[in-house]
Amino acid sequence: MNKVAIRIGDVAFANPIMVASGTFGYAQEFDGLLDFSQIGAIVTKTVTLEPRTGNPPPRIWETAAGMLNSIGLPNVGVEEFIAKKMPFLRNLATRIVVNVAGKTGDDYVRIVERLQQVDGIDAYELNFSCPNVKQGGMSFSADAQIAERVTADVRKKSQRPLIVKLTPNVTSIADIGKAVEQGGADAVSAINTLVGMAVDVKSRRPRLSTITGGLSGPAIKPIALAKVYELCRKLTIPVVAIGGIMNLQDALEFFVVGATAVQIGTANFINPACAAEIAQGLHGYCRAQNLNLQELIGSLRVEK
Amino acid sequence: MTDNCDSHAKHLLNCRVESLAQVAFNTYRLTFASNWLAEQAQPGQFVNIAVPRCGDILWRRPFSFHQIDRHSGACTVLIQVIGRGSEALTRVQPGEHLSCLAPLGNHFVIPAEIDELLIVAGGLGIAPFFFLLQEVAAQPYKKVLFYGAASADCFCRVDELSSLTSQLFLTTDDGSRGEQGLVIKPLQRFLAEPGGKRRLVLTCGPTRMMQAVQNLCKKYHLPGYVSVENLMACGFGACMGCAVQMIDKGLSAKPFLLACKDGPVFPIDEIVIDE
Ligand SMILES: Cc1cc2nc3c(=O)[nH]c(=O)nc-3n(C[C@H](O)[C@H](O)[C@H](O)COP(=O)(O)OP(=O)(O)OC[C@H]3O[C@@H](n4cnc5c(N)ncnc54)[C@H](O)[C@@H]3O)c2cc1C
Ligand SMILES: Cc1cc2nc3c(=O)[nH]c(=O)nc-3n(C[C@H](O)[C@H](O)[C@H](O)COP(=O)(O)O)c2cc1C
Ligand code: FES
């Protein structure tokens with residue numbers, strides 16, 4: 001019996017270990033490095049309506065137990081994504097979640113409308129939160145009303161589950177989470193990267209061309225745990241946890257605070273087989289402990 | 001530069017350290033064993049090595065293949081200690097295992113019909129050229145190496161390099177060996193003299209040196225390749241962090257290429273060489 005299967009909306013996932021958007025490309029780069037069928041889902045690099053070239057270099061900087069990035073959502077645009085990337089993706093024996101972003105609410109609606117005509121896609125993740133696109137995402141992630149409205153607009157056009165990806169760079173992530181739940185989201189995912197910065201004292205220049213960027217990796221795990229815990233307490237829809245997960249132990253912590261699934265991000269760069277190894281580890285853990293994943297989820301014990 | 005995906009070419013390997021030896025000031029030769037990799041590796045490609053025992057160091061560290069023994073399976077990289085990762089990698093013990101992601105990147109392609117191969121290396125930029133010179137040893141064309149370093153004790157394997165080349169120019173910043181000054185000086189003189197008709201220039205090293213080589217190639221209308229060393233989070237095209245800017249020739253639709261996947265070797269007239 002599969003002890004680790006989960007559901008988001010009406011879609012079942014064989015296990016709750018996914019790979020995070022922007023850290024797994026469109027999966028091609030990982031061909032041969034891991035068995036795709038062992039992971040629960042692949043979340044694609046963000047797809048936008050028009051192609052984007054991304055930010056000028058330097059785009060990355062290593063920090064203590066983490067990294068900063070300001071990649072700027074380079075991607076081929078939705079039409080070429082469908083023509084060039086979907087043929088490979090749809091043949092993989094795993095769920096495909098397409099991450100989409102837009103400059104306006106209407107962009108999200110148009111991309112999802114277009115993707116509705118394409119088979120091989122199992123769900124959408126709406127990136128309301130990328131901190132690296134200047135006039136992009138920000139307003140959606142920071143304003144509960146707009147977030148709710150855009151979610152509801154996309155909901156009307158989508159026959160597939162909607163996961164809304166939230167930024168931690170707001171006063172109350174739960175307020176935004178509540179709003180998108182109200183708007184009809186089937187799940188939220190959190191967290192996207194935290195705004196961060198690094199400076200070269202010798203040249204007096206910022207390390208990234210965009211001055212600030214997004215912090216990810218083990219350094220953000222405690223923050224991610226706190227945000228996911230908060231979301232799990234305030235929302236009724238599933239929470240997909242992201243942030244600094246490097247191994248099985250990290251993933252288990254997120255399940256204990258209430259996450260239904262987790263996404264592996266930065267860790268894919270260091271160990272490309274990481275997500276498959278964590279999924280295998282989770283099967284083993286549930287077997288050894290003789291428990292269902294559902295019993296683990298939200299099992300945090302706190303004194304009242 | 002191509003869009004085709006030869007992703008099966010790379011593997012995650014657990015390689016046994018065979019030996020570690022200091023070869024120059026702050027510079028070590030690390031040899032590990034992998035028969036498969038020794039068959040696959042091409043000059044210009046690199047290996048991304050996980051730093052052992054340093055939990056807070058996140059990224060792997062990329063190093064060019066410096067020497068490959070295709071028969072024994074010995075793979076060697078040349079490591080200059082510049083920070084904590086390279087420092088830790090020069091403290092490993094023979095018998096220990098290292099997690100290696102390789103082979104990564106594209107490689108040098110040298111057309112057989114050239115007359116002269118001109119290699120311009122600064123400091124650790126020499127690393128890939130030892131392997132390259134070994135691979136082209138049987139080729140009839142002339143091989144000229146321009147090799148600059150900070151001082152005499154920074155040079156690596158000069159005697160062996162000398163036997164692999166037809167002509168060798170050494171320069172040091174402090175004049176302690178070879179000519180004093182930039183490696184560009186002997187290169188400039190060499191190019192000003194009439195010589196082989198079909199020359200190809202290869203370069204790897206400090207940014208300013210590579211920029212100067214780029215300018216000379218332009219001036220003398222010489223084809224050339226440059227090997228870049230951008231910071232890399234993944235090394236295999238997944239993060240898109242290692243972007244290299246293309247020179248705007250008006251028709252280029254793709255303003256950026258990835259150093260780890262489209263490179264690290266680029267035609268010298270195609271990319272902006274920047275810090
Ligand atoms: C394709 C490729 C091939 C390479 N081949 C070799 C090689 O054969 N031999 C070798 O010794 N090194 C090589 N390098 C560089 C090597 O990867 C770095 O020196 C190493 O990662 C530094 O790690 P560290 O932890 O010691 O330094 P860190 O602590 O990470 O950095 C110390 C300082 O050095 C700077 N720095 C780090 N990496 C680079 C870089 N790539 N370029 C410029 N400045 C940098 C940092 O900004 C910092 O100021 C190569 C790099 C690439 C991308
Ligand atoms: C290099 C890089 C690129 C990213 N690109 C995207 C992206 O295109 N879309 C998106 O929604 N999130 C993107 N993210 C955010 C990750 O999906 C994830 O939310 C974040 O990195 C935190 O998880 P981690 O600590 O496990 O990496 C990116 C992260 C990194 C490091
Ligand atoms: S280092 Fe990640 S794409 Fe090149």
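Here is a short tour of the chain contact, the ligand sites, the helix pairs and the strands.

## Ground rules

This is a predicted model, where local features need pLDDT of at least 70, side-chain atom pairs count only at pLDDT 80 or more, and totals for chains, interfaces and linings use all residues. Residues are numbered from 1 along each chain as its sequence is written, while chains are lettered from A and ligands numbered from 1 in the order in which they are written.

Helices (H or I, at least four residues) and strands (E, at least two) are DSSP runs, numbered from the N terminus.

## Where the chains meet

Chain A puts 29 residues in contact with 23 residues of chain B; contact here means C-beta atoms, placed from the backbone, within 7 Å. On the chain A side, strand S5 (60-63), strand S6 (66-69) and helix H8 (267-270) each bring in at least two residues. That side of chain A has 15 nonpolar, 10 polar and four charged residues. For these classes, Ala, Val, Leu, Ile, Met, Phe, Trp, Tyr, Cys and Pro count as nonpolar, Asp, Glu, Lys and Arg as charged, and the others, Gly among them, as polar.

## The two ligand sites

Ligand 1 is surrounded by 22 residues, and the closest are Gln80(B), Gly83(B), Gly85(B), Ser86(B) and Ala127(B). To be near a ligand, a residue needs its C-beta atom, placed from the backbone, within 6 Å of it. In chain B, strand S4 (61-69), strand S5 (74-80) and helix H2 (84-89) each supply at least two residues of this shell. By class, the shell around ligand 1 has 12 nonpolar, six polar and four charged residues.

Ligand 2 has 26 residues around it, with Ala20(A), Gly22(A), Ser216(A), Gly265(A) and Thr266(A) the closest. Residues from chains A and B surround ligand 2, so this site is shared between chains. Its shell divides into eight nonpolar, 16 polar and two charged residues.

## Two helix pairs

In chain A, the axes of helix H4 (residues 144-157) and helix H5 (residues 173-183) come within 7 Å and cross at roughly 30°. Axes are lines fitted to C-alpha atoms, for helices over the stretch in contact, and angles run from 0 to 180 degrees between N-to-C directions.

Over in chain B, the axes of helix H5 (residues 184-192) and helix H6 (residues 207-219) come within 11 Å and cross at roughly 10°. H5(B) and H6(B) are therefore roughly parallel to each other. Ile184(B), Leu187(B), Gln188(B) and Leu191(B) of H5(B) meet Met209(B), Ala212(B) and Leu216(B) of H6(B). This contact has six nonpolar, one polar and no charged residues.

## Strands

Chain A has an open sheet of four strands in the order S5-S6-S14-S11, with antiparallel pairing; strands pair if DSSP finds at least two bridges between them. S5 and strand S11 (194-197) of chain A are the edges, each pairing on one side only. Three bridges join S6(A) to strand S14 (residues 212-216) of chain A, and Met67(A) has Ser216(A) as its bridge partner.

In chain B, six bridges join strand S1 (residues 11-24) to strand S6 (residues 97-104), and these run antiparallel. Arg16(B) stands opposite His97(B) in S6(B). Strand S3 (residues 46-49) of chain B also runs antiparallel to S6(B), joined by three bridges, and Ile49(B) partners Cys100(B).

Note on methods. Contact = placed C-beta atoms within 7 Å. Parallel < 35°, antiparallel > 145°, perpendicular 65-115°, else oblique.
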